Amino acid sequence: MIVELGQRPELFEDAVEFFWDKFGTRDNALFYRDCMEHSVGIKQPLPRFYLALEGGAIAGCYALLLNDLISRQDLYPWLACLFVAPELRGRGLGAKLLAHGAAECRAKGFASVYLCTDLEGYYEKHGWEFMTHAYMTWGAETKVYTRTTR
C-alpha cells in the first residue's frame, strides 16, 4: 500500500526518521522534519511525501518536490528520495513507487516529472529518459531524467 504522509499522521515521526536515515546527514535532520511538516495539510499540490507500507511498517518511500536542490529551477515537479528497503528489493516495489509518482503528478495536472540520479540503467527500465546534465547545490554534476505522466 502506498500512502501520502498527510493521510497517515500517526506515521509522521517514523517517516521523518526513515527519510532522514536514508538521505540525510548527521547535520540535517531538521531539514527533513521542516520539509515534511510543511507538506502536510497544505492546499498546494507540492511538496508531498509518500510511504510504501508492508505489514504496517515503512518499506519504501519517495517525494514529489518543487526542486531537488538542483540548478534546473525551471523544471518541476521532481521525484526524489526513492528508496526501497534492501530486504524487499527485487519484488517490483520500486517500479510501483515510480508508477505511483507519475500517476500522482498526472492527477495534480503535471504533464511531466523529473528526477536526478547517478544510477545507470535503473530508471530507463521504467520509462524514464535521459534529458540533460545539471548541478547540485554543492557543485556535483548529475543526470536529469524525465518521463511523461500519461
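Modeller: What follows goes from the pockets to the rings. The model is predicted, so to speak of local features a pLDDT of at least 70 is required and side-chain atom pairs count only at pLDDT 80 or more, while totals for chains, interfaces and linings use all residues. Residues are numbered from 1 along each chain as its sequence is written, and side-chain values use heavy atoms, with hydrogens and water left out.

Two or more lining residues come from each of helix H2 (29–37), strand S4 (78–84), strand S5 (112–117) and strand S7 (141–148), where helices are DSSP runs of H or I with at least four residues and strands are runs of E with at least two, numbered from the N terminus. Strand S4 gives the largest share of this lining, four residues. By residue type the lining of the largest pocket splits into 20 nonpolar, six polar and three charged, with Ala, Val, Leu, Ile, Met, Phe, Trp, Tyr, Cys and Pro counted as nonpolar, Asp, Glu, Lys and Arg as charged, and the others, Gly among them, as polar.

The second largest pocket has a volume of about 270 Å³, and of the 14 residues lining it, Leu 82, Val 84, Arg 89, Gly 94 and Tyr 122 lie closest to its centre.

Turning to the rings, the whole structure contains 11 aromatic pairs, that is, rings of Phe, Tyr or Trp (its six-membered ring) whose centres lie within 6.5 Å, called stacked with planes under 30 degrees apart, edge-to-face over 60 and tilted for the rest. Phe 23 and Phe 83 make an edge-to-face pair, with 6.3 Å from centre to centre and 85° between the planes. Because Phe 23 belongs to helix H1 (residues 12–23) and Phe 83 to strand S4, this pair ties together parts 60 residues apart in sequence. Phe 83 is buried, with a relative accessible area of 17%, whereas Phe 23, at 30%, is partly exposed; buried means under 20%, exposed over 50% and partly exposed in between, with a 1.4 Å probe and protein chains only. The charged end of Arg 89 sits over the ring of Phe 83, 5.1 Å from its centre, the criterion being CZ of Arg or NZ of Lys within 6 Å of the ring centre and within 35 degrees of the ring normal.

A tilted pair is formed by Tyr 123 and Tyr 145, at 6.5 Å centre to centre and 40° between the planes. This pair links distant parts of the chain, 22 residues apart, with Tyr 123 in the loop between S5 and strand S6 (129–135) and Tyr 145 in strand S7. Both tyrosines, Tyr 123 and Tyr 145, are buried, and together with Tyr 122, Trp 128 and Phe 130 they form one aromatic cluster.

Definitions and conventions
1 Å grid on protein atoms, 1.4 Å probe; cavity = no way out; pocket = protein on both sides within 12 Å on 5 of 7 lines; lining within 4 Å. Points joined across faces, edges and corners; volume = space filled by probe spheres on them.
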